Amino acid sequence: MGELYGAVNPLTSDWHDGLASSIMRQCASDQTEEKKWIIFDGPVDSLWIESMNTVLDDNKMLCLTSGERIKLPDTITMLFEV
């Protein structure tokens with residue numbers, strides 16, 4: 001799951017974003033009113049989709065294991081193609 005959401009390097013204690021957290025952070029920092037889509041294509045695994053609970057509810061906030069939270073604006077829509 002570190003490749004998807006990110007992980008702490010055990011040797012340096014540095015946080016490195018994963019693919020999903022990097023894309024979500026980039027979209028969330030874009031202040032334009034342009035609609036943005038994040039599309040996940042493939043099988044949905046119960047382990048990684050559980051970490052999306054706060055993103056998919058009304059909070060629209062990704063909570064990372066580093067303790068950081070990324071608030072997604074209403075201009076971002078997520079689609080799961082399974």
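Predicted model: local features only at pLDDT ≥ 70, side-chain atom pairs only at ≥ 80, totals over all residues.
Ring pairs join F40, W48 and F80 into one cluster, where rings of Phe, Tyr and Trp (its six-membered ring) pair if their centres lie within 6.5 Å. Residues are numbered from 1 along each chain as its sequence is written, and side-chain values use heavy atoms, with hydrogens and water left out.

## The aromatic cluster

Across the whole structure, a search finds three aromatic pairs. One of them is F40 with F80: the ring centres are 5.1 Å apart and the planes stand at 10 degrees, so this pair is stacked (planes under 30 degrees apart count as stacked, over 60 as edge-to-face and the rest as tilted). The pair links distant parts of the chain, with F40 in strand β3 and F80 in strand β6, 40 residues apart. Helices (H or I, at least four residues) and strands (E, at least two) are DSSP runs, numbered from the N terminus.

## The nonpolar core

F40 also takes us to the largest nonpolar core, which has 17 residues; those with the most contacts inside it are M24, F40, M52, L72 and M78. Such a core is a set of buried Ala, Val, Leu, Ile, Met, Phe, Trp, Tyr and Cys residues joined through side-chain atoms within 4.5 Å. The elements that give two or more residues to this core are α1 (2-5), α2 (19-29), β3 (36-41) and β6 (76-81). Helix α2 supplies the largest share, four residues. M52 touches Y5, M24, F40 and M78, leaving aside residues up to four places away in sequence; contact here means heavy atoms within 4.5 Å.

Buried means under 20% relative accessible area, exposed over 50%, and partly exposed in between (1.4 Å probe, protein chains only). In α2, the buried residues include A20, S21, M24, C27 and A28. They cover an arc of only 130 degrees around the axis, which puts them on the same side of α2; the arc is that of the directions from the helix axis to the C-beta atoms. On the other side of α2, L19 and Q26 are exposed.

## Salt bridges around R25

A search of the whole structure finds two salt bridges, each defined as a side-chain nitrogen of Lys or Arg within 4 Å of a carboxyl oxygen of Asp or Glu. R25 meets D17 in a salt bridge at 2.7 Å, N to O. R25 also forms a salt bridge with E68, with the closest N and O atoms 2.5 Å apart. This second pair links distant parts of the chain: R25 is in helix α2 and E68 in the loop between β4 (61-63) and β5 (69-71), 43 residues apart. Together, D17, R25 and E68 are linked in a network of salt bridges.

## Accessibility of selected residues

| Residue | Relative accessible area | Class |
|---|---|---|
| F40 | 14% | buried |
| F80 | 25% | partly exposed |
| R25 | 27% | partly exposed |
| E68 | 30% | partly exposed |
| D17 | 31% | partly exposed |
| D74 | 65% | exposed |

## A stop at D74

D74 lies in the loop between β5 and β6. D74 touches K35 and K60, again leaving aside residues up to four places away in sequence. From D74 to N9, the separation is 65 residues in sequence and 32 Å in space, C-alpha to C-alpha.
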